[in-house]
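Here is my note on the model, as a set of numbered points. Please keep the structure open while you read.

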Amino acid sequence: MVYALEPADFSRFAAAKVMLGMAGIVASALVPLPLCHAVIAHPQGSEQRREAMAFSAMISVLVGLAAALVTGVITAGLGSLKMAAIVALSALVLFLGAAPTGWFQGELRFMRYLIKSVGEVLIRLIFSVLVVFFAWGAAGAVLGFAMGGLALLVTPRSFFRDLTWRPHVLRQKWRWVETAGIAVTLCVMSVLAGIDVVLVAFLDGGSTAAAGFQALASIGKAPVYVAAGTVIMAFPLLRRPGVEVASVLMESLRTFGRLALLAWAVITTVPHALVALILPDEYGSSFALLPWLALSGLGYATLTVLATILLALRAYRRCQLGLLTASALIPGGLFLGWEWGGVPGIAIGCAFGAVAAACISAVIALPLLPPHSGRMAVRGFVAALGFALVLVLAGQQPSIWALVVLVAGLTVLAQRKMGSTLELVRGLQMRIWQRAETPRLARQLVDPSGRAAAGSTAETVPRQGSEAAVPAGRRFMNTLGPFLYCFALALAVRAIGLLHAFELWVDEMLYAQLGQSIVSGGSFPRLPDGPFFLHPPGFFVLEAGVINLFGLTGDSVEMVMQLRWVNAVLGALTVGVAFLIVQAVGTRGAAWVTAGLLIFEPFVLRNNSRVFLETLAMAAVIVGLAIVVSILKSRRSSTRRPLLLCAGLAFGLAIVTKDFFVLCTVAPVLAGVIWRQTIKAHDAAILLVGMAAPYTVYMTMVVSEGMLPVWIQAKEGGFRRLIGLDKFTGFTAEGAPNILERLIDNAGHFGTSYLLLGLCPVAGAFLCFSLRPARRLIGLMGLSLGAYGVFSALFGTFEEQYGYGVMILAGLGAVLLGVEVVERWTRFRRPIVAAGAVFVLLTAILGLRLETSTDNGFVQAKRWVSQNLPADAKVSVTNDTGELAFSNDPRFGIWPSTALMQENGVDFILTQSLPTSQGYGYMQPAMHKWLEANATPVFQQRGLTNGATTIWRVGDEALIRGVRDRVGTPTTYGTGP
């Protein structure tokens with residue numbers, strides 16, 4: 001409707017919708033709640049049930065007519081008489097459907113009740129489409145409520161068997177007392193929850209601001225819908241004499257808290273780009289009100305649940321006191337807000353009033369709530385604030401925000417313990433109906449031993465506490481929950497500094513170009529100089545898929561910043577799967593330690609936050625390892641071969657991403673066959689077949705395209721670099737900085753990383769002697785990568801990216817080594833636990849320090865250039881990263897000496913102090929020192945990676961002196977280490 005109606009019409013429609021919502025809430029409580037109690041307490045055909053149903057049907061008609069009159073009169077003040085008549089009709093229909101709703105709840109036919117409710121929504125949705133198509137306006141849109149309400153009148157014939165004409169029940173005062181108490185309470189609550197939307201329509205009706213407020217208010221009141229569901233479940237149970245009130249309250253409050261707080265956090269942080277997908281652009285100025293509306297919705301929801309609980313417990317005075325307080329605070333907040341700031345002020349005033357009323361009601365109700373309810377509420381709200389912070393960080397990328405919300409929703413579902421509530425419902429049903437003689441109910445009885453009653457078709461109920469008593473689905477969800485927690489926290493930490501804490505690398509832009517080349521239709525990844533075969537195409541194919549799926553566009557820097565989210569997600573996935581692996585072969589405590597290390601480990605964060613190949617490769621390795629570990633622990637044979645093949649394919653994906661990873665896939669599997677029968681020979685054969693499959697497909701394409709000679713040449717060069725025969729890059733290259741000096745310089749940032757790097761081969765060697773095959777396999781993998789790391793540091797091409805896989809396996813191996821030591825020598829338990837806690841704490845400090853730093857000189861320089869650089873200026877870059885970052889700007893080129901600058905009319909030069917001083921790039925270190933003394937810095941950004949990224953302005957006179965002194969000549973154009 002928000003798109004189909006003009007702001008003025010939508011404002012009137014929204015007000016009418018809220019009034020009908022109020023009527024619906026009153027109707028759903030006035031009749032169904034007392035009737036539900038009667039139906040659940042008295043069997044079919046009994047006199048008590050028939051009288052209750054007669055009273056409910058007649059009261060539905062009488063109150064429905066009154067509601068129709070009230071809503072019609074109010075609507076007449078907003079719009080035409082036609083709309084007023086339709087609103088009145090809709091209100092009457094909603095009340096007529098109240099009695100069947102109460103009967104369904106009393107019969108505990110929640111599935112059929114759900115089908116009816118969904119049917120009502122679908123009918124309204126279909127009718128809305130017709131309204132848009134035929135342009136029936138606001139009145140036609142409101143008519144959808146009446147059409148949808150007809151679905152509530154659909155009931156089975158058994159409902160009418162107990163529905164008789166008994167007018168004398170209207171003279172029974174006790175029925176009126178109970179019904180009136182519920183009606184007044186729910187009426188006040190519904191009025192308070194919808195008064196803001198109606199008030200805006202009267203005070204500022206027809207304006208775009210009012211319409212935007214009303215549209216967003218419907219979204220912000222999502223917690224109220226959670227409260228309505230809680231009320232439907234809790235009220236009939238609490239009204240049953242002898243029920244375990246504390247258990248029902250605890251389950252109801254816990255469920256409400258998790259869902260309502262989740263809804264509040266999601267609505268508060270939803271990116272405006274996503275809101276714009278469902279609301280017109282003209283309402284964009286109102287999007288900033290959504291956090292306040294969500295807060296008021298949370299206050300309304302809390303107030304509704306507490307008032308209903310007090311009502312169900314017959315604490316009428318406490319309930320009335322809470323409602324009186326709310327009736328003063330909420331309208332007061334609305335009017336003060338309107339006087340202070342108009343429509344935005346109403347949103348803020350409403351939020352303060354609703355939250356204050358909810359807090360006061362909580363204090364009033366606290367003596368009747370279960371012990372520790374207050375503590376549970378505080379913990380839940382703190383957790384919700386933390387989750388909201390995570391969503392704020394993830395909201396920089398709407399797709400990532402949506403993924404985090406999905407993960408959080410699954411986590412809440414995994415942690416919900418509705419089993420006890422459902423057992424209460426079923427147990428209550430069976431105790432009440434043990435007197436019943438109907439065959440349908442008799443078949444549901446179950447004796448205390450857990451066996452179905454004689455003649456019953458019910459399945460055997462497992463004894464409580466037995467392993468079988470935990471369903472497979474629950475065991476799966478208990479595993480899924482911690483995995484999702486690890487994934488969400490890891491992704492949130494990576495989102496903190498993804499776009500500002502990690503400097504741009506030339507490899508990132510090259511890899512982004514390779515992914516784009518596949519999108520452009522190439523059979524193989526390509527660079528401007530031809531096909532790229534140094535690395536296999538696994539990661540580049542993934543990039544191409546993401547670019548196509550999300551429609552990513554932009555220059556090389558913008559593409560890199562968008563594709564970084566891919567590795568952030570893959571890194572978070574690696575953390576979650578690593579948790580599952582350590583939990584399977586160690587303990588849950590050890591698994592949390594591993595997760596803590598990998599979530600905050602600075603070196604891991606550095607790799608997960610850049611467009612590097614290793615993140616995907618290692619994610620595939622960890623997934624394959626998790627499958628193999630589950631096979632080694634299980635004795636089932638039916639699924640062994642398919643799972644082994646899947647594990648092999650995962651390992652194969654790692655290899656087809658980067659050949660280097662044969663060292664932690666093929667090599668450990670082959671060694672495992674020989675070493676203490678860690679892996680059986682036929683299992684290893686299946687794994688190797690799976691590993692070979694992806695690369696075989698790749699090589700088939702290479703051969704079929706006639707590219708084999710080019711591929712061999714590229715692989716020969718890569719292999720020579722791998723074993724150290726050719727040293728163009730890395731710490732062992734000629735002129736490169738000393739690795740020991742680099743370690744000392746960076747110890748303050750990556751000290752824990754260096755310790756883990758050293759622990760990897762040691763822990764791997766010790767785990768090779770474990771009694772458990774799964775731990776031995778992890779040890780072999782860690783030993784293989786760790787041993788190559790030692791070789792590479794001494795003789796080979798030691799590059800930082802090679803350390804990522806070592807870090808991941810070190811996180812697993814070091815923790816499992818601690819578990820192994822504790823299992824063998826329990827006296828070491830305390831010092832190992834203490835050391836592990838301290839190490840995780842230090843890692844978290846260094847990781848958060850890294851994530852919250854600023855190290856994005858190239859991005860900042862690019863922003864300065866777009867805003868400040870004259871159109872006729874010329875700028876020289878001094879390394880390959882700058883060359884690619886500004887390749888689309890004709891003002892930039894490679895002129896890294898004074899002579900080249902003068903020859904090409906260059907008056908600016910972009911430099912990076914740290915790599916230049918280490919001999920990297922196109923410019924001599926002496927040139928940088930000359931610039932410091934003779935040029936003017938117009939832009940400068942310092943960071944950990946490049947030191948000072950500076951744009952210098954060089955005056956003509958200084959440039960002439962530099963040419964005379966031959967400053968910067970000869971350049972190291974392309975010859976740096």
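**Notes on the fold**

1. A second pair joins Gln941 to Thr949 of β7. Helices (H or I, at least four residues) and strands (E, at least two) are DSSP runs, numbered from the N terminus.

2. A word on the source. This is a predicted model, where local features need pLDDT of at least 70, side-chain atom pairs count only at pLDDT 80 or more, and totals for chains, interfaces and linings use all residues. Residues are numbered from 1 along each chain as its sequence is written, and side-chain values use heavy atoms, with hydrogens and water left out.

3. Now the two strands themselves. β6 and β7 (residues 947-953) run antiparallel and share 7 bridges. They form a hairpin, with 3 residues between them. Two strands count as paired if DSSP finds at least two bridges between them. Strands of a sheet pair through backbone hydrogen bonds, either parallel or antiparallel.

4. Axes are lines fitted to C-alpha atoms, for helices over the stretch in contact, and angles run from 0 to 180 degrees between N-to-C directions.

5. Leaving out residues up to four places away in sequence, Thr936 touches Ile951, Trp952 and Arg953. Contact means heavy atoms within 4.5 Å. Thr936 and Val954 are 18 residues apart in sequence, and their C-alpha atoms are 6.6 Å apart.

6. Next, a helix pair. The axes of α3 (residues 47-76) and α4 (residues 81-96) come within 8 Å and cross at roughly 155 degrees. That makes α3 roughly antiparallel to α4. By the cut-offs, angles under 35 degrees are roughly parallel, over 145 roughly antiparallel, 65 to 115 roughly perpendicular, and the rest oblique. The contact includes Ser60, Val61 and Gly64 of α3, and Leu81, Met83 and Phe95 of α4. By class, it has 15 nonpolar, 5 polar and no charged residues. Ala, Val, Leu, Ile, Met, Phe, Trp, Tyr, Cys and Pro count as nonpolar, Asp, Glu, Lys and Arg as charged, and the others, Gly among them, as polar.

7. Compare a second pair. The axes of α24 (residues 588-600) and α33 (residues 803-824) come within 9 Å and cross at roughly 150 degrees. The two helices are therefore roughly antiparallel to each other. Among the residues in contact are Ala590, Val593 and Thr594 of α24, and Met807, Gly811 and Val819 of α33. This contact divides into 9 nonpolar, 2 polar and no charged residues.

8. Where does Thr665 lie? Thr665 is in the loop between α27 (640-655) and α28 (666-674). Thr665 is buried, with a relative accessible area of 1%. Apart from neighbours within four places in sequence, Thr665 contacts Val621, Phe651, Ile655 and Met691.

9. Check two backbone angles. Arg676 has a phi near 55 degrees, a positive value in a residue other than glycine. Arg676 sits in the loop between α28 and α29 (681-704) and is partly exposed, at 39% relative accessibility. Arg966 also has a positive phi, about 55 degrees, and is not a glycine. Arg966 lies in the segment after α40 (956-964) and is exposed, at 56%.

10. Last, the chain overall. The chain has 40 helices and 7 strands. Of its 977 residues, 53% are buried. Among contacts with a separation of 6 or more, 78% join residues 24 or more positions apart.

Note on methods: Buried means under 20% relative accessible area, exposed over 50%, partly exposed in between (1.4 Å probe, protein chains only).
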